[in-house]
Amino acid sequence: MTMNLIGASICDEELIVQGEARDIQLPNTEHVSQISVDVGGSLAKVVYFSRIPGTKGGRLNFRKFETEKIDECIAFISRLLEESRAARPGHEFVIKATGGGAHLYYERLRDTLKVNIQREDEMECLITGLNFLITEIPFEVFTYSETDPMCFEETPEDPFPYMLVNIGSGVSILKVTSATTFERISGTSVGGGTLWGLLSLLTGAKTFDEMLEASQEGDNRNVDMLVGDIYGSDYSKVGLKSTTIASSMGKVFKKNVDKRQFKPEDISRSLLYMVSNNIGQIAYLNAQAHGLSKIYFGGCFIRGHPITMNTLSYAINFWSKGTIKALFLRHEGYLGAVGAFMKHRSSRRNSRSFTLSEQLAQKLADPEMADLEVTLAQDTLDVVADEESD
């Protein structure tokens, strides 16, 4: 298998499956022999390659499923395998699996799909996927604010160092200093699973997307206690505006208040702010402690949701006084699945996963890295050694 990234771009046509990430067009890649799945605590994410008859090359596709409905995910992968086998009879296909579910559901994946299941380290896959998207896919990374909703970043000459805040059911914070080195420096159990769980208890929403939609219609001022509710105005001496949240859901505890008066939409917005602000402040504190100025936010918690991105951006900008940048991705929920996809090596000779940017190739050619026998870069970010595809 070889992947030629010349001309790679994000597809701009109407989405076939609403709510999913847009496909990545690879006009110079004809065949890829693997499917990847990243099974987390709440969601299972699938990345696969497809061809469209009559067009050149192919594309990477993205789908997600609730983990509690893992059988739907496995059935979907099974259909993909059937189609691939019909197009390429006799070819051996591989499933690259990562996330906790790669271990929890290993036997079920193996026995149902009857294909080679190769498990990959979750953190390595996150970084591999992020490095790929940062360096190889144009118009992938952007900043967000209410006044400038989607401002795309240029491909960085040197992407390192940076911090990844991956928001899934919980939150992992990773410091990445090169294509080969990273460490988990922090995290929190208050993440997407927290929001989903609380809103499931407090509202009638059945899915995470329903909860996000409800939050857009809500007014957190009906639920949260603001600085203005306490002081009657701004607390300018310490830089707090009257609209700043002093206590999330702080108005709910008041005596003689009928709890039924609080609308699900208001509760949804309040809790979304609470979780997002908490993650934003923890991210800032870690970036400050480690001297990092770039923070990438990933994970299916974000979902391209304006309120979430604006809250995270505002928190980082407020606490850092504009010195640290909050960065988002158009495929934020699929970092692990993309990384697992890129970890596949062909059984033929020395062909590798995908082509490198010139900048990263120069890094790998550095004499200081010559003695590294097994590195993340060699596994995932290597130059194609031959022109032959499977």
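Guide: A hairpin joins β3 to β4 through three residues. The model is predicted, so to speak of local features requires pLDDT of at least 70 and side-chain atom pairs count only at pLDDT 80 or more, while totals for chains, interfaces and linings use all residues. Residues are numbered from 1 along each chain as its sequence is written, and side-chain values use heavy atoms, with hydrogens and water left out.

β3 covers residues 34-39 and β4 residues 43-50; strands (E, at least two residues) and helices (H or I, at least four) are DSSP runs numbered from the N terminus. The pairing of β3 with β4 is antiparallel and has five bridges, where two strands pair if DSSP finds at least two bridges between them.

Six of the six residues of β3 are buried, that is, under 20% relative accessible area with a 1.4 Å probe and protein chains only (exposed is over 50%, partly exposed in between). Q34, S36 and D38 point one way from the strand, I35, V37 and V39 the other way, and all are buried.

Now the pockets. A pocket is an open set of points on a 1 Å grid over the protein atoms alone, with protein on both sides within 12 Å along at least five of seven lines; lining residues have an atom within 4 Å of a point. Its volume is the space filled by probe spheres set on the points. Of the 29 residues in the lining of the largest pocket, T243, T244, I245, N277 and Y314 lie nearest its centre. β14 (245-247), α8 (264-290) and α9 (306-320) each supply at least two lining residues, and α9 has the largest share, eight residues. By class, this lining has 14 nonpolar, 10 polar and five charged residues; Ala, Val, Leu, Ile, Met, Phe, Trp, Tyr, Cys and Pro count as nonpolar, Asp, Glu, Lys and Arg as charged, and the others, Gly among them, as polar.

The second largest pocket has a volume of about 610 Å³. It is lined by 25 residues, with G19, E20, R303, G304 and E332 the closest to its centre. α6 (208-217) and α9 each give two or more residues to this lining, and α6 gives the most, three. The lining of the second largest pocket divides into 11 nonpolar, six polar and eight charged residues.

Conventions: On a 1 Å grid over the protein atoms alone, a cavity is a set of points where a 1.4 Å probe fits but cannot get out, and a pocket is an open set with protein on both sides within 12 Å along at least five of seven lines; lining residues have an atom within 4 Å of a point.
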